[in-house]
Amino acid sequence: MRKRVVVTGLGVIAPNGHGIEAFETALKNGESGIRFIPELEELKFGCQVAGVPQGVDDICSRYFTGEQLLAMNSSIKYASISAIDAWKDAGFEVPEDDSEQVDWDTGAIIGTGIGGMDTIGEKIVPLTNAGKTRRLGSTAVEQVMASGVSAKVSGLLGLGNQVTSNSCACSTGTEAILDAMYRIRHGLAERMLAGGAEGASPYIWSGFDAMRVLNRTRNDEPVKASRPMSASAAGFIPGAGAGILMIESLDSALERGARIYAEIMGGAINCGGHRMGGSMTAPNPVGVQRCVQNALTDAGIEGSQVDAINGHLTATFADPYEINNWAKALGRTEQDFPLINATKSLIGHSLGAAGGLESIACVLQVYKGFVHGSVNCEDLHAELLPYSNSIVQKTRETPELKIQAKASFGFGDVNACVLYKKWQA
Amino acid sequence: MTKDEVFKKIVDILGKYSKTEIKMENISMETSILDDLKINSARLVDIVLDFEDVFDIEVDDDDADSVATVGDGVNLIMAKI
């Protein structure tokens with residue numbers, strides 16, 4: 001028998017706020033975290049705006065010792081800050097650095113899409129090319145190994161269950177949450193810290209800029225630059241940060257009297273195989289629809305029961321296709337389509353962290369009963385006009401919201417869909 | 001530079017890498033860098049790089065491998081400056 005799985009802790013560092021209270025306030029008030037980045041102008045990027053968490057040095061000085069900070073690039077800082085927050089939010093204390101205590105029942109699946117590119121670009125490549133590998137010291141490997149973000153967290157918190165990092169481009173964070181759910185369902189762990197982290201670096205973003213998938217038309221209007229579902233959407237805005245959830249067996253949560261934010265009903269992960277219209281960079285629509293339908297089956301619900309969707313919705317040409325796929329997969333029409341919003345309109349697209357950050361938004365929405373406004377789509381895309389009643393542009397109180405779908409789609413034609421349900425004891 | 005000055009600079013360097021707060025009065029020439037100061041063994045290569053930068057010396061791999069106590073570091077540096 002599979003165990004029921006719930007969310008008992010949230011940790012977030014986003015471009016528009018650190019901590020769940022600040023993040024919730026920013027979502028509700030439509031506060032954008034997109035800013036002009038002078039470095040991107042100097043580097044002649046087409047897109048010169050991005051979503052980058054603020055005040056990180058100050059947060060780090062409060063959270064970490066000098067020794068802990070020796071080997072922390074931006075993605076590891078974001079992952080560590082949000083993992084500590086989720087851990088404490090779930091009711092646990094951070095162990096002393098020299099404690100011998102290991103929590104064998106808690107693990108971590110924290111993914112990243114691109115990884116430690118800042119360390120690679122600023123240290124490994126220049127020092128190696130100069131014949132000075134010795135000068136890299138001992139701190140390079142742990143910052144660029146793909147599992148760097150989860151490895152650091154296990155050391156900070158003394159985690160003794162599975163600790164790993166997944167990577168599947170822009171669906172990384174959502175996949176991590178589902179992989180953690182499976183582990184708890186099968187009784188292999190009581191608790192897992194799960195989500196995604198992505199650093200802030202021109203080296204992470206330059207390849208996307210070269211592909212011309214970033215919006216280069218709004219450098220003088222940062223807060224208007226991320227425009228999911230808009231007729232004037234012209235590419236995504238790069239983002240950074242981390243969103244990490246404490247995922248726990250219902251048995252464990254009830255036993256220790258933990259606050260339960262939401263139940264994870266189920267989900268699905270698949271790949272479109274780069275066929276039937278899919279490619280490295282475009283989704284196979286059949287793959288997307290199967291992923292959503294498999295998630296419904298796994299959760300034991302019908303498409304008609306989904307109250308709200310937090311879309312992948314990046315602000316590229318794919319947004320209308322995505323909504324069409326949701327409609328087909330859920331068996332819904334333009335008239336009875338669920339409420340839908342795009343968190344990326346406020347924070348940009350943080351790649352491997354997106355599914356984690358947006359899942360935090362979803363869990364807050366079902367816990368508190370609201371759907372945050374999706375900004376910058378006042379000029380809805382023509383194909384989305386029939387859905388205008390469902391597209392939430394200004395935050396709505398929704399006490400009736402019970403089931404929230406979250407999906408992420410990524411390069412490689414990969415898909416992940418998770419279903420959150422309001423917890424009712 | 002006197003031996004005492006070298007000793008103090010080495011303790012400053014080690015402070016960056018220790019998981020515990022280092023108090024000068026508790027450190028002697030016999031203090032073990034890894035065991036007593038709770039420094040991760042991987043960080044020894046960083047400590048040696050700091051020795052090179054702070055004292056403007058070069059430390060080869062064999063010399064680096066010989067550093068186990070604070071005194072080993074002091075003696076190595078005194079021999080090179």
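Domain bounds, as used here, come from an automatic or database domain assignment. On that basis, chain A of this predicted model is divided into domain 1, covering residues 5-255, and domain 2, covering residues 266-422. The centres of domain 1 of chain A and domain 2 of chain A, taken over C-alpha atoms, are separated by 21 Å.

Between these two parts of the chain, 62 residues of domain 1 of chain A are in contact with 52 residues of domain 2 of chain A. On the domain 1 side, at least two residues each are supplied by strand 1 (5-14), helix 1 (20-29), strand 4 (49-51), helix 9 (172-185), strand 7 (191-198) and strand 8 (241-249) of chain A. Of the elements on this side, helix 9 of chain A gives the most, with eight residues. By class, the residues of domain 1 of chain A on the side that touches domain 2 of chain A comprise 32 nonpolar, 23 polar and seven charged.

A packed pair of helices was also examined. The axes of helix 3 (residues 56-63) and helix 5 (residues 74-89) of chain A come within 11 Å and cross at roughly 55 degrees. The crossing of helix 3 and helix 5 of chain A is left-handed. Helix 3 of chain A contributes V56(A), I59(A), C60(A) and Y63(A) to the contact, while helix 5 of chain A contributes K77(A), I81(A) and I84(A). In this contact, six residues are nonpolar, none is polar and one is charged.

Note on methods:
Residues are numbered from 1 along each chain as its sequence is written. Chains are lettered from A and ligands numbered from 1 in the order in which they are written. This is a predicted model: local features need pLDDT of at least 70, side-chain atom pairs count only at pLDDT 80 or more; totals for chains, interfaces and linings use all residues. Two residues are in contact if their C-beta atoms, placed from the backbone, lie within 7 Å. Helices (H or I, at least four residues) and strands (E, at least two) are DSSP runs, numbered from the N terminus. Ala, Val, Leu, Ile, Met, Phe, Trp, Tyr, Cys and Pro count as nonpolar, Asp, Glu, Lys and Arg as charged, and the others, Gly among them, as polar. Axes are lines fitted to C-alpha atoms, for helices over the stretch in contact, and angles run from 0 to 180 degrees between N-to-C directions. A crossing is left-handed if the near helix is turned anticlockwise from the far one by less than a right angle, and right-handed if clockwise.
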